[in-house]
Amino acid sequence: MIEFRIDRRSGVSTYVQIIQQVKQAMRLGLLGPGDRLPTAREVVEATAVNPNTVLKAYRELERDGLVEARRGVGTFVTRSLASELTAVEAPLRRDLADWMSRAKSGGLAVEAVDAVYVAVRDEHFHVEGPNAS
């Protein structure tokens, strides 16, 4: 089951963080069709967020066709966002994990790792918007 980590200093609203974390877990194959999301009560107990915030995130995920709320039973993932390329054991992921290990052992701080990653990503994907170089 997914465990939400809410960063109150990130500037990203809590419900958006919940949505992003569910989608991330789905992309990585950690959540798949039929898996149950934690109840709003479970999320509130673990993170101390407002229950309406959790319900808002779940409603948006449902509106996007990613989950289905079943009254009295829970909220369940309805489809997969994972691919063989994004799965936990995928070769590309292992390569990236190896690179991260080398960056860490080489003394790069997490901020420097993020900067390098974003710069290289933007070079290859031509990202536009607030993260564009």
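Guide: Of the 133 residues of the chain, 24% count as buried. This is a predicted model, in which local features need pLDDT of at least 70, side-chain atom pairs count only at pLDDT 80 or more, and totals for chains, interfaces and linings use all residues.

Visitor: What is the secondary structure of the chain?

Guide: The chain has five helices and two strands, and along the sequence they follow the pattern α-α-α-β-β-α-α. Helices (H or I, at least four residues) and strands (E, at least two) are DSSP runs, numbered from the N terminus.

Visitor: How do you know whether the span of α1 agrees with its number of residues?

Guide: The expected span of a helix is 1.5 Å times one less than its number of residues. For the 14 residues of α1 this comes to 20 Å, and the end C-alpha atoms are 20 Å apart, so the two agree. Helix α3 (residues 51-63) has 13 residues and reaches 18 Å from its first C-alpha to its last, close to the 18 Å expected.

Visitor: Which residues of α3 are buried, and why are they said to lie on one side?

Guide: Val 54, Ala 57, Tyr 58 and Leu 61 are the buried residues of α3. They cover an arc of only 95 degrees around the axis, and therefore they lie on the same side of α3. The arc is that of the directions from the helix axis to the C-beta atoms. An α-helix has 3.6 residues a turn, so residues three or four places apart point the same way. Asn 52 and Arg 63 are exposed, on the face of α3 turned away from its buried side.

Visitor: What do the buried residues of α3 pack against?

Guide: They pack against α1 (14-27), α2 (40-47), β1 (67-70) and β2 (74-77). Val 22 of α1 is in contact with Leu 61, among others, once its neighbours within four places in sequence are left aside.

Visitor: Why is Leu 31 called buried, and where does it lie?

Guide: Leu 31 lies in the loop between α1 and α2. Its relative accessible area is 4%, so the residue is buried. Apart from its neighbours within four places in sequence, Leu 31 is in contact with Ile 2, Val 22, Ala 25, Met 26, Leu 37 and Val 77.

Visitor: What makes Thr 75 a buried residue, and which residues does it contact?

Guide: Thr 75 belongs to strand β2. With a relative accessible area of 12%, Thr 75 is therefore buried. Its contacts, neighbours within four places aside, include Asp 35, Tyr 58 and Val 67.

Visitor: Why is Asp 122 called buried, and what polar contact does its side chain make?

Guide: Asp 122, found in helix α5 (residues 110-125), has a relative accessible area of 6% and is therefore buried. A polar contact is a pair of N or O atoms within 3.5 Å; within protein, one must be able to donate a hydrogen and the other to accept it, and residues adjacent in sequence count only if both atoms are side-chain atoms. The side chain of Asp 122 makes such a contact with the side chain of Arg 121, at 3.1 Å.

Visitor: How do you know which charges sit over the rings of Tyr 15 and Phe 76?

Guide: A charge sits over a ring if NZ of Lys or CZ of Arg is within 6 Å of the ring centre and within 35 degrees of the ring normal. The charged end of Lys 56 sits over the ring of Tyr 15, 4.1 Å from its centre, and Arg 70 lies over the face of Phe 76, at 4.2 Å from the ring centre.

Conventions. Residues numbered from 1 in each chain as written. Heavy atoms only, no water. Buried < 20%, exposed > 50% of the residue type's maximum accessible area, 1.4 Å probe, protein only. Contact = heavy atoms within 4.5 Å.
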